[in-house]
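Subject: Structure handover

Hello,

Here is the structure you were going to look at. Please open it next to this email, and then read on for what turned up.

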Amino acid sequence: MTSFPIAPWEKKAFAVTVFGLGLTGVAQMPIFSRYYIADIPGFAWLGNFVFTHMLHYVLAAIFLYFAFRFAAVYALAWRRDHPLTASGAVRTALYAALIATGAVRMVKNLSGVYLGEWTVLVVDWTHLFLAMLLLGAVLWARGGGRRSYTAVSRL
């Protein structure tokens, strides 16, 4: 059985990036200021919409690097001998859907782009719902011992 050709530090960096995306995504709503979390020393940056918005974009770029790198390595080197587990398939599908809705959200923020109020509402809520589903899927996978994205090698 060969080990996945991704370094452990990359997996940890990916997890930290996903956590950061969740945190800065929630910060796009005025929750941290509304509930005085931004008033706690050291947390004021969570109440700064512009900063958290830019940080979300930076983290999204890092996330996309890791996501596409992991997907390419899996597709090119591991797919045939290591099928996705049910938990891995669900989380992978949620990541893909978050990437798609995040891309639409980014495009709607471009100057001169108008998607319509209903479309923006649906995309925004879908993005939030998918993030919540991903959180639930990750917690379910970790709590149930289904951490692995792939099954044991068929070799």
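First, a word on ring pairs: rings of Phe, Tyr and Trp (its six-membered ring) are paired if their centres lie within 6.5 Å, and a pair is stacked with planes under 30 degrees apart, edge-to-face with planes over 60 degrees apart, and otherwise tilted. Searching the whole structure this way gives eight aromatic pairs. One of them joins Phe66 and Phe70, a tilted pair with 5.8 Å from centre to centre and 40 degrees between the planes.

Before going further, please note that this is a predicted model, in which local features need pLDDT of at least 70 and side-chain atom pairs count only at pLDDT 80 or more, while totals for chains, interfaces and linings use all residues. Residues are numbered from 1 along each chain as its sequence is written, and side-chain values use heavy atoms, with hydrogens and water left out.

**The aromatic cluster**

Phe66 and Phe70 sit four residues apart in helix α3, so about one helical turn separates them. (Helices are DSSP runs of H or I with at least four residues, numbered from the N terminus.) In general, an α-helix has 3.6 residues a turn, so residues three or four places apart point the same way. Phe66 and Phe70 are both buried; buried means under 20% relative accessible area, exposed over 50%, and partly exposed in between, with a 1.4 Å probe and protein chains only. Ring pairs also bring Phe14, Phe63, Tyr65 and Tyr95 into a cluster with Phe66 and Phe70.

**Helix α1**

Helix α1 covers residues 8-27, and its 20 residues should span 28 Å at 1.5 Å a residue; the end C-alpha atoms are 29 Å apart, which agrees. That expected span is 1.5 Å times one less than the number of residues. Its buried residues are Glu10, Phe14, Thr17, Gly20, Leu21, Thr24 and Ala27. These cover an arc of only 140 degrees around the axis, so they are on the same side of α1; the arc is taken from the directions from the helix axis to the C-beta atoms. Pro8, Lys12, Val16 and Phe19 are exposed on the other side of α1.

**Salt bridges**

A salt bridge here is a side-chain nitrogen of Lys or Arg within 4 Å of a carboxyl oxygen of Asp or Glu, and the count comes to two. In one, Glu10 and Arg69 have their closest N and O atoms 2.8 Å apart. Glu10 is in helix α1 and Arg69 in helix α3, so this pair ties together parts 59 residues apart in sequence. Glu10 is buried at 5% relative accessibility, whereas Arg69 is partly exposed at 26%.

Arg105 and Asp124 form a salt bridge too, at 2.5 Å from N to O. It ties together parts 19 residues apart in sequence, because Arg105 lies in helix α4 and Asp124 in helix α5. Arg105 is partly exposed at 25% relative accessibility, and Asp124 is partly exposed at 23%.

Val104 belongs to helix α4 and is partly exposed, at 34% relative accessibility.

Best wishes

Conventions: Helices (H or I, at least four residues) and strands (E, at least two) are DSSP runs, numbered from the N terminus.
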